[in-house]
Amino acid sequence: MERVDTLIHARWVIPVEPTGHVLEDHGVALRDGRIVAVAGNDDLRRAYQADEQRELGEHVLIPGLINAHTHTAMTLLRGMADDLPLMTWLTEHIWPAEQRWVSEAFVRDGSTLAMGEMLRGGVTCFNDMYFYPEVTGEAARQVGMRALLGMIVIGVPSGYAQSLDEYLEKGLALHEQFRDDPLVRTLFAPHSPYTVDDSFLGRIGEHAERLDVPIHIHVQETADEVQQSLRETGKRPLQRLDEVGLVSPRLLAVHATQLESAEIERLAAAGAHVLHCPEANLKLASGFCPAAALTRAGVNVALGTDGVASNNDLDLIGEMRTAALLAKAVSGDAAALPAEQALAMVTINAARAFGLDDEIGSIVPGKAADLTAISLADLNQHPIYNPLSQLVYAANRQHVTDVWVGGQPRVRNGQLTTLDTAETIARAEQWRERIAAERAQ
C-alpha cells in the first residue's frame, strides 16, 4: 500500500472541475500538502495507508473558497457607519476613521480577526486591498492562510504613505519581501480611477507588466462615479483605463455595477476579469453587476465579500447564494447563474483571475490540498436531492466543520487550530472601546 499523510472520506466530493460533477461516497488522499488522488472511499482504503484518516460521512468536500476582494483590517470597523450611500460612507465616516486609527497594530488585529472569520467560513485564500499590507502578509503567514496582498496606491495621504510615489515605492518593496513565499503573493491595487490619475495608472500598468502581476481596482462602482468621470474628463472610467493600457488579462475590475453592453464586450475581448461583490453593492445601493451577462459574454467573474465595514461579514457561502439569486432577478431569467456557476465563482474562477488555477480552485490530483468540509447533516439540510444545489441555496457557513490549507488543518471540528479565538475577540473589543469612546465625545 502507498503511504500518504491524510485520507479524507466524505459523503460527497464536488471537485468543481469538471463543472457540475458530484462524486458520492468519495474522498481524497493527501501527501506533502498536495492532492494525490480523488477516488471512491473503498478504493482509497485499499490503495493507501495514511497517518491520519478523517471520516466525514455526512459532509460535502469542496475546494477551499477564495475571497476575491476584501479589505481585511476594516473588520475592526464592522457596523460603525451603516445605512449610508457609498460616498457619504467613505468621505464622512470611513476615511476620517482610517486617518485617525489605522496603524500597524490596527491592521494586525483587524486582519487576524478577519482571517479567523474567513477560515471558519471555509475560505482558504483572500485578495486584500489595504494599508500596511506587509503586516497582513505576516499575519497570514502566522495563521497559515493564503493571501494576495494589494500593492495599494491611492491619491489620499495616510499614515502608511503620503504620495502616489511613496505608495508605489512601498508596494514594490512589498513585492520583493514576499517574492518567494509559498502562501503569500502580491498584485497591484490602485484604489480607483477617481483616486489615482490616468498617467499614474499607466505607470502602474508598466510595472505590472514587468513584474507579471494582476491589477486589482475598483471600477464603475456607482452611477455617481461614472458621472463624475464624464464631467471631469468626458470619458467613462473604463475607457480611461483602456486608454492607458490597463484593460487586459491583468485587469481585475471590482464591482463593475455600471456596465454598458459595449463595455461588457470589451472586457470579454480583452480577457479581463470582474470581481463581483453583490452584498456590499446591495447594502450601499451601488447598483447591480450584470454577472449573468458578463458570464454569457465570456468574462471570468469571481466573487468577493468586500470589506466588513460595508457588508457586514466575510461569509462567502452567503455571497454565493446572493449572487445566484440576484443574477436571476437582474436578468429576468430563473436559469441564470446556476448553483455550479456560483460555486465556480468562489473557487476556480477566482483562482483563474489571480493566475493560480494550476495550484488551487478545484480538487484535482497535483494541486495544493486547500479543502473545505461542510456538514449536510442538520435537519434544515434534508432531504438532499442535489448536494451542489443544497450547498448554494440551503447551507451556510455555520455548517463548515473542517478546513485545510496546503494539507494542514486550519479548522478542525469547527475550531481554529492556529489562532486564539478569545484573544482575537478581546483585541477587537479593545479597538471598539477606543474608537467608540472618541466618537462619543
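The crossing of helices H3 and H16 is left-handed, in what is a predicted model. The residues that make this contact are Ala105, Phe106, Asp109, Thr112 and Leu113 on the H3 side, and Thr424, Arg427, Ala428, Trp431 and Ile435 on the H16 side. Sorted by class, that contact has six nonpolar, two polar and two charged residues.

Now the geometry. Two packed helices are described by the angle between their axes and the distance between the axes. Here the axes of H3, residues 104–120, and H16, residues 421–439, come within 9 Å and cross at roughly 130°. H3 and H16 are therefore oblique to each other.

Next, helix H2, residues 86–101. This helix bends by about 35° at Ile94, and Pro96 follows within four residues. Ile94 is buried, as are Leu86, Trp89, Leu90, Trp95, Ala97, Glu98 and Trp101 of H2. H3 and H16 are included in what covers the buried residues of H2.

On to the backbone. Most residues other than glycine have a negative phi, and most peptide bonds are trans. There are some departures to list.

A cis peptide bond joins Asn311 and Asn312, with omega about 20°. Asn312 sits in the loop between strand S13 and helix H12. Another cis bond joins His382 and Pro383, with omega about -5°, and Pro383 is in the loop between strand S14 and helix H15.

As for phi, Asp32 has a positive value, near 55°. Asp32 belongs to the loop between strands S3 and S4 and is exposed, at 65% relative accessible area. Asp83 also has a positive phi, about 60°. Asp83 is in the loop between strand S6 and H2, and is exposed at 70%.

Definitions and conventions:
Residues numbered from 1 in each chain as written. Predicted model: local features only at pLDDT ≥ 70, side-chain atom pairs only at ≥ 80, totals over all residues. Heavy atoms only, no water. Axes fitted to C-alpha atoms, helices over the stretch in contact; angles between N-to-C directions. Helix = DSSP H or I, 4+ residues; strand = E, 2+ residues; numbered from the N terminus. Parallel < 35°, antiparallel > 145°, perpendicular 65-115°, else oblique. Left-handed = near helix turned anticlockwise from the far one by under 90°. Contact = heavy atoms within 4.5 Å. Nonpolar A, V, L, I, M, F, W, Y, C, P; charged D, E, K, R; others polar. Bend = angle between axes of the 7 residues up to and from the residue. Buried < 20%, exposed > 50% of the residue type's maximum accessible area, 1.4 Å probe, protein only.
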